Amino acid sequence: MSYCIIGAGMAGLAAARRVLEIGAQVTIFERMDQLGGTWIYTDEVGVDRYGLPVHTSMYRGLRTNLPKEVMGYPDFPIPAQRDSYIVSDDILSFLRLYADRYHIKDCIKFEHHVVQVHPTDGERWIVEVENLADHQKEQHVFDYLFICNGHYHTPNVPTVNGSEIFQGQQLHSHDYRCTEHYKDKAVLVMGAGPSGMDIALELAKTARRVTISHHMERLTFPFPSNLSQQSDVSMLTETGAKFTNGSEESFDVVLYCTGFRYNFPFLGADCGIEVQDNHVQPLYKHCININHPTMAFIGLPFYVCAAQMMDLQVRFCLAYLTGRQHLPPAHEMLEDAAQEFEDRLQRGYKKRHAHMMGPEQGRYYDDLAKTAQIETIPLVMTKLHNESSQRFVDDLIHFREDVFRIVDDEYFEYVKE
């Protein structure tokens, strides 16, 4: 049987490894000239040399906001080094090691851009790709399809009153690369998620002043003297911004750290997938396309132990694609997805949080494992992920100084100096 994998990042590599393990044929289409997906750094912003939107959002000097101990694959941890929070180049090197270990590179067609995907009458997949190097289009047919194109590539830019009259620079964090461009400038960072907080602290090293605008409770970290916080922006003016608390400031740059949205521009309408308010549907257990169950998405949930979860999702899908297990009827899968979504709404989640896990990730992992009768992710991964995420909230300035050690499948410990 033939498998197509779209994307050679962390998710695509996880899928390829497990498909190769069962002895099936694998073809990976990767738009870039190397593997690694969002972990690849480039100075390019906007469009690349082929006129396509730049995929990666990586910025110079990024260190992980999760400890490396939870970022490896289940049986292939990130190589040992003292620090738990490591630089992006180390993650990229790790992914290359993984690809070498499982002989994945031979399956990758680099600089191949997936243009469109359509199902055949027999539940196979017609995949049209463009070979970017020679501008030739090709059509391929596959039995199964894994969508692994990530979700940190299409910016979610809010509509802000006055954005059309602001005379300074406006950009999304997707196009942010380094602090040097903002030396001695006044920068407004909109959004206080992980990227917003991280970038604001970096900018404060070179910018004249940085203001972070958000709607959370007031942050109590010991910020640098030139970094302040404000309420939400009510409107932009020609020279700056007005805030919902009535105050006004001038700015040279507005940087939107407002997240990303799921985007699958290559999927035809006949693939049966819709994205509404960042809810990808209809999916069984956040991965299998209920309308066409020979298609699966790997890596949609966020605030997770990514590589661990991706490996689990692939094993879950293969349990059904190989016939070891049998999927429930479509109506039962739809009911399951609807019930899970309704439960989320009852717990206070918004629609756009349909794939957010966080503290609930362990329940998701165990549900996948129990449903497909496969091995789950060790409890220690969920516990350490949740602990480190809380440390990020509690001590943004110093949390990356923490060093952890996995003791066993249930326990971890802090490593003392």
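Where does E123 lie? E123 sits in the loop between strand 4 (112-119) and strand 5 (125-131). Keep in mind while reading that this is a predicted model.

Most residues other than glycine have a negative phi, and most peptide bonds are trans.

Going from Q281 to P282, the bond is cis, with omega near 0°. You'll find P282 in the loop between strand 17 and strand 18 (283-284).

The protein comes in two parts: domain 1 covers 2-154 + 260-380, and domain 2 covers 169-256.

How many residues of domain 1 are in contact with domain 2? The count is 18, and they touch eleven residues of domain 2. The size of an interface is often given as the accessible area lost when the parts come together. For domain 1 and domain 2, about 1,100 Å² is buried between them, with 50% of it on carbon and sulfur atoms.

## Salt bridges

Between domain 1 and domain 2 there is one salt bridge. Elsewhere in the list of pairs, E180 forms a salt bridge with R60, and their closest N and O atoms are 4.0 Å apart.

Search the whole structure and you get 27 salt bridges. One of them joins D75 to R17, with 2.8 Å between the closest N and O atoms. D75 lies in the loop between strand 2 (25-30) and helix 2 (88-101), while R17 is in helix 1 (residues 10-21), so this pair ties together parts that are 58 residues apart in sequence.

## The second largest pocket

Now for a bit of open space: the second largest pocket holds about 480 Å³. It is lined by 23 residues, and the closest to its centre are H286, D336, A337, E340 and F341.

Which helix gives the most to the lining of this pocket? That's helix 5, with eight residues. Strand 17 (279-281), helix 5 (330-346) and helix 6 (361-372) each supply at least two residues of the lining.

Notes: Residues numbered from 1 in each chain as written. Predicted model: local features only at pLDDT ≥ 70, side-chain atom pairs only at ≥ 80, totals over all residues. Heavy atoms only, no water. 1 Å grid on protein atoms, 1.4 Å probe; cavity = no way out; pocket = protein on both sides within 12 Å on 5 of 7 lines; lining within 4 Å. Points joined across faces, edges and corners; volume = space filled by probe spheres on them. Helix = DSSP H or I, 4+ residues; strand = E, 2+ residues; numbered from the N terminus. Domains from an automatic or database assignment. Contact = heavy atoms within 4.5 Å. Buried area = accessible area lost by both parts, 1.4 Å probe. Salt bridge = Lys/Arg side-chain N within 4 Å of Asp/Glu carboxyl O.
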